[in-house]
Amino acid sequence: MDRLRRLRLAKDAMDRDWADPDLDLDVVAGHAGYSRYHFVRAFKEAYGETPGQYLTHRRIERAQEMLRGANLTVTEICHLVGFSSLGTFSSRFKARTGLSPTEYRTEHVGSGASLIPGCYAMLWAGGFRNNATFEKRPADPPAYRDGQEQRPSGRRAQP
């Protein structure tokens, strides 16, 4: 397999899994069949930026879309696009756009259609994935062995 095709496989993995905060350089490099160090050098040579810079740019682009169109807090958007730290997200966002996330929203919202309700945006972005309401709860076991209401032995009912 040629070098550029292998790098594209890794880049496709980053484009697909950009929101995963656990997206790891070793995993991405594995898609290309390279060690992490060789992958960083080859990726930068081919695309002009490191894999980390590329992933950050993808995440910031998605955050810009959400800030313009979804009624979500900056913190919710920060986590939905794969950042685990609000401070890191805000500083990287400002470095890329020249505005803080809040300033960006203020400048770019209001002249178009109304914002998408946050619950729909969260559902679309997969933000409810880890929510317990989507997992079926096991049935509660009976309080007593045979499922019949019985008084525990050795205790008398109080009048």
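Does V109 count as buried, partly exposed or exposed? At 27% relative accessibility, V109 counts as partly exposed. The cut-offs explain the label: buried means under 20%, exposed means over 50%, and partly exposed lies in between. The structure here is a predicted model. Its chain has eight helices and two strands. The points below go from the whole chain down to single residues.

**The chain as a whole**

- Read along the sequence, the elements follow the order α-α-α-α-β-α-α-α-β-α.
- The chain has 159 residues, and 28% of them are buried.
- Take the contacts with a separation of 6 or more: 57% of them join residues 24 or more positions apart.
- The accessible surface of the chain is about 11000 Å². Carbon and sulfur atoms account for 50% of that surface.

**The nonpolar core**

- The largest nonpolar core contains 30 residues.
- M14, F39, I77, V81, F89 and F93 have the most contacts inside this core.
- Six helices each supply at least two residues of the core: α1 (3-16), α2 (25-32), α3 (36-47), α4 (51-69), α5 (74-80) and α6 (86-97).
- Helix α4 gives the most to this core, with six residues.
- V81 is one of the residues with the most contacts inside the core. Leaving aside neighbours within four places in sequence, V81 is in contact with W18, A19, R59, R62, A63, M66 and F89.

**How α2 packs against α3**

- The axes of α2 and α3 come within 9 Å of each other.
- These two axes cross at roughly 70°. Helices α2 and α3 are therefore roughly perpendicular to each other, since angles from 65 to 115 degrees get that label.
- On the α2 side, the residues that meet α3 are L25, D26, V28, A29 and A32.
- On the α3 side, their partners are R36, F39 and V40. F39 is also among the residues with the most contacts inside the largest nonpolar core.

- Helix α7 covers residues 101-108.
- Helices α4 and α7 pack at an angle of about 50°, and their axes are 9 Å apart. That angle makes α4 oblique to α7.
- The crossing of α4 and α7 is right-handed.
- Helix α4 makes this contact through Q64, M66, L67 and R68. Helix α7 makes it through P101, Y104, R105 and H108.
- Helices α6 and α7 pack at about 55°, with axes 9 Å apart. These two helices are therefore oblique to each other.
- F89, S90, F93 and K94 of α6 meet P101, E103 and Y104 of α7.
- P101 and Y104 take part in the contact with α4, and P101 and Y104 also meet α6.

**Buried residues to look at**

- T56 sits in helix α4. Its relative accessibility is 16%, so T56 counts as buried.
- Not counting residues up to four places away in sequence, T56 touches F83 and R92.
- A42 lies in helix α3. Its relative accessibility is 5%, so A42 counts as buried.
- A42 is in contact with R3, L7 and Y34, leaving aside neighbours within four places in sequence.
- A42 and L4 are 38 residues apart in sequence. Their C-alpha atoms are 9.0 Å apart in space.

**Partly exposed residues to look at**

- V109, the residue of the opening question, is found in the loop between α7 and β2 (116-117).
- V109 and R68 are 41 residues apart in sequence. From C-alpha to C-alpha, V109 and R68 are 5.6 Å apart. R68 is one of the α4 residues that contact α7.
- L9 lies in helix α1. Its relative accessibility is 38%, so L9 counts as partly exposed.
- L9 and V28 are 19 residues apart along the chain. Their C-alpha atoms are separated by 8.7 Å. V28 is one of the α2 residues that meet α3.

Terms used
Residues are numbered from 1 along each chain as its sequence is written. This is a predicted model: local features need pLDDT of at least 70, side-chain atom pairs count only at pLDDT 80 or more; totals for chains, interfaces and linings use all residues. Side-chain values use heavy atoms; hydrogens and water are left out. Helices (H or I, at least four residues) and strands (E, at least two) are DSSP runs, numbered from the N terminus. Buried means under 20% relative accessible area, exposed over 50%, partly exposed in between (1.4 Å probe, protein chains only). Contact means heavy atoms within 4.5 Å. Accessible areas come from the Shrake-Rupley method with a 1.4 Å probe; for residues, only the protein chains shown count as cover. A nonpolar core is a set of buried Ala, Val, Leu, Ile, Met, Phe, Trp, Tyr and Cys residues joined through side-chain atoms within 4.5 Å. Axes are lines fitted to C-alpha atoms, for helices over the stretch in contact, and angles run from 0 to 180 degrees between N-to-C directions. Angles under 35 degrees count as roughly parallel, over 145 as roughly antiparallel, 65 to 115 as roughly perpendicular and the rest as oblique. A crossing is left-handed if the near helix is turned anticlockwise from the far one by less than a right angle, and right-handed if clockwise.
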